[in-house]
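Visitor: I have a few questions about labels and the values behind them. Could you take me through them?

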Amino acid sequence: MRTLLKAGIAALALTFVAGAAQAQEKLSIYHWFEYIPQELLDKFAAETGIEVTMDTFDSNEAMLASLKAGKLGSYDVAVPGDYMVEIMIGEGMLDTIAEGELANRGNIEPQWVDVPFDPGRMHSIPYQWGSTSFSVNRDVYQGDINDTSIVYDPPDELKGKINVLDSQGEVMLLAALHLGIPQCSNDREQLKQLDALLQAAKPHWASFNSDGAKDVLVSGDAAVGMIWNGFGAKARAEGANIEYAYPRQGYVVWMDNVVLLKDAPNRASAIKFMDFLLEPENIAAVTNFARYAAGVEGVTPHLDPELASQPESVPPADAPAGTFVAVCDQATQEVYDTMWTRLKK
Amino acid sequence: MRQRINIKRYPGFLPVTILCLVVLYAPLLVVMVYSFNDSLSITRWGGFSFRWYMEIFTGPESAKFKDAAWNSLTIALSAAVASTIIATAAAVAMVRGGAFKGKALNLALISMPIMVPEIVTAVATLVFFSAIGFTLGYLSILVAHIVFCIPFAYLPIAARLQGIDGSYEEAAQDLYASRFQAFLRVLMPLMAPGILAGFLLAFIISLDDFIITNFIKGAGIETLPTAIFGAVKQGIKPDIMALSTIMLSVSILIVTLSYFISRYGRPGTKAEA
Amino acid sequence: MAGELASTRAVSRTFAPVRTPLLIPTWVIIGFFLVAPVLMMLAYSFLTKEFRGGVIWEFSLAAYDQFIFDRGLFGDEPPQIEWTYIVIFVRSIIQAAVATLLCLIIGFPTAYFIATRSPATRSMWLFLVTVPYWVNLLIRTVSMKFLIRDNGPLNEALMGLGVIGEPIALINTDFAVQLGLFYSYLPFMVLPIYASVERYDFALSEAAADLYANRWTILYKVILPIVWPGIVAGCILVFVPSLGAFLAPDLLGGAKNFLIGSLIEEQFKGNAGNWPFGAAASMILLSLVLIALFIYARRQARRSAQAA
């Protein structure tokens, strides 16, 4: 005990001594967990001499909450998803990238230059994009899987073996697609239908799990798992006999983006970092790591060849296009929140 | 003598203790075994391998883990020491301070950190720290940890103190010991097991905290839980298992050493103090 | 009774004159770094919510109204009593209570056993109980999940031994959550009880035995009353954090049903972004716990006053 005490005092003393700041260029990133290879950050630091610090979050909403609670102004860039970019623009949290400020802006693939969540790409650049649907264990179920009823009105052999993502936006959007109603509809009958569908489907669901979405498929705890495509590819690579579905009713597409935050303490470093990520070679390293797709031209030669044939990345010819999660107005969002709470009552 | 042993022992308590240890250690066995798993998955066995241990020490993230481990250990140690001292003082005041007005209020204050849900403390503290301009970093984590460690240290210490007869320090004071001497020489040794228990609880609760730390840590500083949670997004990787096994081994080593030191170093003295 | 005897003794006043200086560090640290933020949250619970998180500084009772009244999916039906949150609170209380009971059943004999070892081995036992907690809670919980899976080692072992014919479905059940909570907080029961039992004078047991009390009578009538403060401390340390926990419910229970912890978390970190409601739910939880504690403290005080 006495030695522990001494060590404690030593540690305390160290705390106060440490922290002499250096006058070096810095960059502060607010990023998802485990979504950028450390080697790439090291490479950026080596090329530019900028000292990189990274802080991590586990959901778009958690990031928004902590920025709102007072962290805005301590980060330079963040990596929100599509709808969250739109929300952050609405909240006035993003800074504008000036014309010509990004040297590599021309590398962005044309389809991602003018996106609905950030018209004209004034505040963001593409990071990774992918789809959200579900994977089905082929040992358990051999029938047609390209149908949202696998999750929302499952056949008997799949009942009670379904894991859904613990993510309101994606569960609601897939449900809306299943019913064939528009997202964020404020039509009462349609909202009631949506509520009834979720209530009826819940008894068939085993769990709501986002972090473990891959593990439940690999272990066989779940026979159907709502999942992000890259995550599904990893589950398959780990030995699960699963197939990723492209439901005919539609599925979710999403894109994560690097945004320039308002009051960024190191704005110049942030711009350099964005340019760095628009280099095909660099962003390809992220894609190889995360198994999603980059929105930058010329990445193909740098990609892991397996990615090109990965069924989770290449929809079949007859698959419909995916849909982005929409940003609902306040009244509709409040109904969605009530539904979600009732669902998990 | 035979009778004494009989009364002390309860049949069934040993099996329950063993069951308790089995429950505590069985999941750790999984961690240890899978830290040697060659495969990436935690649910499938892919052969024996040391690669994740190599990864911890030489991989690209080794620096991050090293910093995180150092931060976690120093913060947990400092927070546990500070909160144990504060809690001991508070326990002496509460248990040996007679009946006084506002005692229940004081008890409520001391227990408050465990009563408020962690997420609320996290958000509230972050908003508060930003409002008063307290820079987020090592120090803000340490302060927040001291706060929530206090009740964990206090409760075992106070419980112990309640069981100690007041006549001991009264006798000491009758023999002209100052109040401080009475505390240091008489009361504290008697309280030692409670203090140790409180310290250990404070230490592990600080070592384990994720929610509050994650909110108030600020950019560029990680503790083990925040560094480890990163791995969860893509499923727990075996390198985290390896890291945990190392932590476990270090702690077991410390325990074993302290056992032998207390056993052979100072024969006859109490091991707890 | 021996317990009353101990508690009269406990109202010693030796340190009464220095009471205030001894309490000042607690007041400063908790008062400034916790009470102030919590008061801010109390204020938040009476403010208007800002869409997508945050508050607007206008007085509103909407958060408490939402807790108490159900106005239908679209918020315009005549108000009825809202059961949703009451159900969530009751469920959390039951889960926490079962976990506390499990901890007590396993923790008390363990603590007693450790306290009756020789002084030199006691601290080793204590460390043995706390060492597993050097491994992060998340990892422990995930490993626990691995163990109790339908085709996990526990089920396989039981089936191999012929105890059960079919795997028991543990994962994603309430029992799994209780087991997870029990596992998360076990040392918080063992350590305080140990600290109390260690102090127990076994001469009292002998005296009782001389009066022909059997072992279990002694345990119930003599030992339990004396180590009661330790048991209470342990129960508080397990029960209260269990109420707000969400790791075990999420991972082992499948996150299908909200518990208080996950409900509140959703208000701050989820889509809901309803800070005043999250604040209100926390304040209701905090008040419930504080009231329970207050009643307990009053009863204790009255009891020791009677004994004196």
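This is a predicted model: local features need pLDDT of at least 70, side-chain atom pairs count only at pLDDT 80 or more; totals for chains, interfaces and linings use all residues.

Visitor: What makes K68(A) and E50(C) a salt bridge?

Guide: The closest N and O atoms of K68(A) and E50(C) are 3.3 Å apart. The cut-off is 4 Å between a Lys or Arg side-chain nitrogen and an Asp or Glu carboxyl oxygen. The pair therefore qualifies. Across the interface of chain C and chain A, the rule finds 5 salt bridges.

Visitor: Which elements of chain C give two or more residues to the side that touches chain A?

Guide: They are α4 (84-115) and α12 (260-269) of chain C. α12(C) gives the most, with 4 residues. By class, that side of chain C has 11 nonpolar, 10 polar and 11 charged residues.

Visitor: How many residues are in contact there, and how much area is buried?

Guide: The contact joins 32 residues of chain C to 42 residues of chain A. Chain C and chain A bury about 3200 Å² between them, 53% of it on carbon and sulfur atoms. On the chain C side, R52(C), L73(C) and F74(C) lose the most area, together 25% of what that side buries.

Visitor: Why is the pair R140(C) and D208(B) called a salt bridge?

Guide: Their side chains meet at 2.7 Å, N to O. That value is within 4 Å, so the label holds. The rule finds 2 salt bridges across the interface of chain B and chain C. It also finds 17 residue pairs in polar contact there.

Visitor: How much area do chain B and chain C bury between them?

Guide: About 10700 Å², with 79% of it on carbon and sulfur atoms. Y10(B), F13(B) and M115(B) supply 7% of the area that chain B buries against chain C, more than any other three residues.

Visitor: Why do I68(C), F69(C), I81(C), W83(C), I86(C), V87(C), V90(C) and I94(C) count as a patch?

Guide: Patch members need over 30% relative accessible area and no salt bridge, and nonpolar side chains are joined within 5 Å. These residues form a nonpolar patch on the surface under that rule, so the name applies. Together they have about 690 Å² of accessible area. α4(C) gives the most to the patch, with 4 residues. V90(C) is found in that helix.

Methods:
Residues are numbered from 1 along each chain as its sequence is written. Chains are lettered from A and ligands numbered from 1 in the order in which they are written. Side-chain values use heavy atoms; hydrogens and water are left out. Contact means heavy atoms within 4.5 Å. Buried area is the accessible area (1.4 Å probe) that two parts lose on being put together, summed over both. Ala, Val, Leu, Ile, Met, Phe, Trp, Tyr, Cys and Pro count as nonpolar, Asp, Glu, Lys and Arg as charged, and the others, Gly among them, as polar. Patches are made of residues with over 30% relative accessible area and no salt bridge: like charges are joined within 9 Å, nonpolar side chains (Val, Leu, Ile, Met, Phe, Trp, Tyr) within 5 Å. Accessible areas come from the Shrake-Rupley method with a 1.4 Å probe; for residues, only the protein chains shown count as cover. A polar contact is a pair of N or O atoms within 3.5 Å; within protein, one must be able to donate a hydrogen and the other to accept it, and residues adjacent in sequence count only if both atoms are side-chain atoms.
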